[in-house]
Amino acid sequence: MEKLTVRICTGTLCYIMGGAELQLLGEYLPDAIADRVEIRGATCLDFCNREGSGKAPFVRVGEELITEATVAKVVEAIKQQLG
């Protein structure tokens, strides 16, 4: 079974704006979906330098970009993508 990849930006801006809390995302995933998700840190996703990309912190859930990411927003996006 292929896992859904979640990439959390750990660049300075994202880290300061809430990305530090996002590093604990795995602890908040329901047991029913935790084994279907692969969580990775990314040195910088570079969205903070792109106009119109939204605000930090940034997380990619599969191909979906989550702006102003919180644990709750990311978990919801994961649930939607996994069905």
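**Ground rules**

I note that this is a predicted model, in which local features need pLDDT of at least 70 and side-chain atom pairs count only at pLDDT 80 or more, while totals for chains, interfaces and linings use all residues. Residues are numbered from 1 along each chain as its sequence is written, and side-chain values use heavy atoms, with hydrogens and water left out.

**Overall layout**

I then turned to the elements and found four helices and four strands in the protein chain, running β-α-α-α-β-β-β-α from the N terminus. Here helices (H or I, at least four residues) and strands (E, at least two) are DSSP runs, numbered from the N terminus.

For the overall dimensions I looked up the radius of gyration, which is taken over C-alpha atoms, with a globule rule of 2.2 Å times the number of residues to the power 0.38. The protein chain has 12 Å, which agrees with the value near 12 Å that a compact globule of 83 residues would have. Along its principal axes, the C-alpha trace spans about 35 × 20 × 20 Å.

Of the 83 residues of the protein chain, 36% count as buried. The chain exposes about 5,100 Å², and carbon and sulfur atoms supply 47% of that area; accessible areas come from the Shrake-Rupley method with a 1.4 Å probe, and for residues only the protein chains shown count as cover.

Contact means heavy atoms within 4.5 Å, and among contacts between residues at least 6 apart in sequence, 63% join residues at least 24 apart.

I also checked the charges, counting Lys and Arg as positive and Asp and Glu as negative, with His and the chain ends not counted. The place of a charge is taken as NZ of Lys, CZ of Arg, CG of Asp or CD of Glu, and the mean positions of the 9 positive and 12 negative charges are 2 Å apart.

**Helix α1**

Which residues of helix α1 are buried? In this helix, residues 12-22, I found Cys14, Gly19 and Leu22. Seen down the axis of α1, these buried residues fall within an arc of 20°, so they line one face of the helix; the arc is that of the directions from the helix axis to the C-beta atoms. They pack against β1 (4-9), α2 (25-28), β3 (59-61) and α4 (71-82).

Met17 is also found in α1, and I see that Met17 touches Ala56 and Pro57, not counting residues up to four places away in sequence. Met17 and Glu2 are 15 residues apart in sequence, yet their C-alpha atoms are 31 Å apart in space.

**Loops and backbone**

Pro57, one of the residues that Met17 touches, lies in the loop between β2 and β3, and the peptide bond from Ala56 to Pro57 is cis, with omega near 0°. In the loop between β2 and β3 I also located Asp46, a residue other than glycine whose phi is positive, near 65°. Asp46 counts as partly exposed, at 34% relative accessibility.

Returning to Glu68, I placed this residue in the loop between β4 (64-66) and α4, and noted a positive phi of about 45° although it is not a glycine.

Asp35 is found in the loop between α3 (31-34) and β2 (37-42) and counts as partly exposed at 48% relative accessibility.

What does Val75 touch, not counting residues up to four places away in sequence? I found Leu25, Tyr28, Leu29 and Pro30. Val75 is found in helix α4 and counts as buried, at 10% relative accessibility. Val75 and Glu27 are 48 residues apart in sequence and 11 Å apart in space, C-alpha to C-alpha.

Ile39, in strand β2, is partly exposed, with a relative accessible area of 33%. Not counting residues up to four places away in sequence, Ile39 touches Val6, Ile8, Leu25, Gly26 and Leu29. Ile39 and Val59 are 20 residues apart in sequence and 10 Å apart in space, again taken from C-alpha to C-alpha.

Technical notes: Buried means under 20% relative accessible area, exposed over 50%, partly exposed in between (1.4 Å probe, protein chains only).
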